[in-house]
Amino acid sequence: MEKKPRKADQLPSLKDAFERAFLVGTALTRAHIDERDEKGVGLVKNHFNAITPENVMKWEEVHPGKDAFDFDAADRFVKFGEDHRMFVVGHTLVWHAQTPRWVFDGEGGNLGRDVLLKRMRDHIHTVVGRYKGRVHGWDVVNEALNDDGTLRDSPWCRIIGEDYILKAFEYAREADPDAGLYYNDYSLEYPEKRRAAVRLVRWLQERGAPITGIGTQSHFGLNYPDLAEFDKTLTAFSRLDIDVMVTELEIDVLPASIEYQGADISVFVELDERLNVYPVALPEAVQLALADRYRNVFKILLDHRQAVSRVTVWGVADGDSWKNYWPAKGGTNHPLLFDRDWRPKPAFFSLL
């Protein structure tokens, strides 16, 4: 007789399974924050004890104009976490993307270092100060490194200089003396960028920056990166005397549309329908391959449980995933632990 799928509240809980190892988190969309996605919210409550907002705390959302703030969705996100006794992460304070153009505009086209530093400080003090004692950790600076390990030529860096990263951490600590303060980036499983991240953290530490953690996003595929390199990254980060986190984990199952394996949101390609090979559901063989990949990733994470404080998957169910829109918009991806009908996949059970 065919077994009926178990309901969300009948499943073993991920957060309980890994309780003695690390927090297990997920990213929330507005549909979760507003509790419109009732099934998704059920999964969040049952399986996760840490939450990150996918978009509602980014600069363009909370501070769209010089004198305009909109905290409606962010307030509801934080309250959701408090109501359900979750570890609440703020994402993200300083990033080159999803930041309004006005931030970098100056009269006559020239914006000085001091003006931009003041805008950064005002933003951080306003946002972090609003949630002081309520948001437990902040992604202070996001994606400051290129894939080759060089410092990204962002407007922050061009106008302020490389110490913009140091200043961001200092301003965040001024705004909340007790919150965790993190550097977050992708592709840190690749040697050049891993080494650069280690150098960056040590550079910050030598200058007294109040950095308390580093997050490797871990946007993986079925065959990349080499998990031996993932292990090396966790080992290298564990020697920095700060918290180590996996912050945006998912595993892409579609054939690559381009050779690029990072997560730069400025990279877009046209959807090639020939590569959109699972428009309805995953074949059993791919489900099992995905399960094996998740299990092997978590085996490595458990080996590093003394250093790793949190593992966050970037989305609740497959229908939520940004991988349906990037690098090609309109594909049907299946990178998470729950499918489009909010049912647990073999990958979910492989972790238990």
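The side chains of Arg76 and Asp34 meet in a salt bridge at 1.8 Å, N to O, a salt bridge being a side-chain nitrogen of Lys or Arg within 4 Å of a carboxyl oxygen of Asp or Glu. Arg76 lies in helix α5 (residues 72-83) and Asp34 in the loop between α2 (30-33) and α3 (38-47), so the pair ties together parts that are 42 residues apart in sequence. Helices (H or I, at least four residues) and strands (E, at least two) are DSSP runs, numbered from the N terminus. This is a predicted model, in which local features need pLDDT of at least 70 and side-chain atom pairs count only at pLDDT 80 or more, while totals for chains, interfaces and linings use all residues. Residues are numbered from 1 along each chain as its sequence is written, and side-chain values use heavy atoms, with hydrogens and water left out.

**Salt bridges**

- By the stated rule, the count comes to 23 salt bridges.
- Arg76 is partly exposed at 28% relative accessibility, and Asp34 is partly exposed at 32%; buried means under 20% relative accessible area, exposed over 50%, and partly exposed in between (1.4 Å probe, protein chains only).
- Lys193 forms a salt bridge with Asp147, their closest N and O atoms being 3.3 Å apart.
- This pair links distant parts of the chain, with Lys193 in helix α9 and Asp147 in the loop between β4 (137-142) and α7 (155-160), 46 residues apart.
- Lys193 is buried, with a relative accessible area of 0%, whereas Asp147 is partly exposed at 32% relative accessibility.
- Salt bridges that share partners join Asp34, Arg36, Asp72 and Arg76 into one network.

**Packing of α9 and α10**

- The axes of helix α9 (residues 191-206) and α10 come within 10 Å and cross at roughly 10°; axes are lines fitted to C-alpha atoms, for helices over the stretch in contact, and angles run from 0 to 180 degrees between N-to-C directions.
- That crossing makes α9 roughly parallel to α10, a term for angles under 35 degrees.
- Pro191, Arg194, Ala197 and Val198 in α9 meet Glu229, Lys232, Thr233, Ala236 and Phe237 in α10, contact meaning heavy atoms within 4.5 Å.

**Helix α11**

- The buried residues of α11 include Val286, Gln287, Leu290 and Tyr294.
- The buried residues of α11 pack against β7 (219-221), α10 (227-238), β8 (243-252), β9 (308-313) and α12 (346-351).
- Gln287 has a relative accessible area of 15% and touches Leu282, Lys345 and Pro346, not counting residues up to four places away in sequence.

Conventions. Angles under 35 degrees count as roughly parallel, over 145 as roughly antiparallel, 65 to 115 as roughly perpendicular and the rest as oblique.
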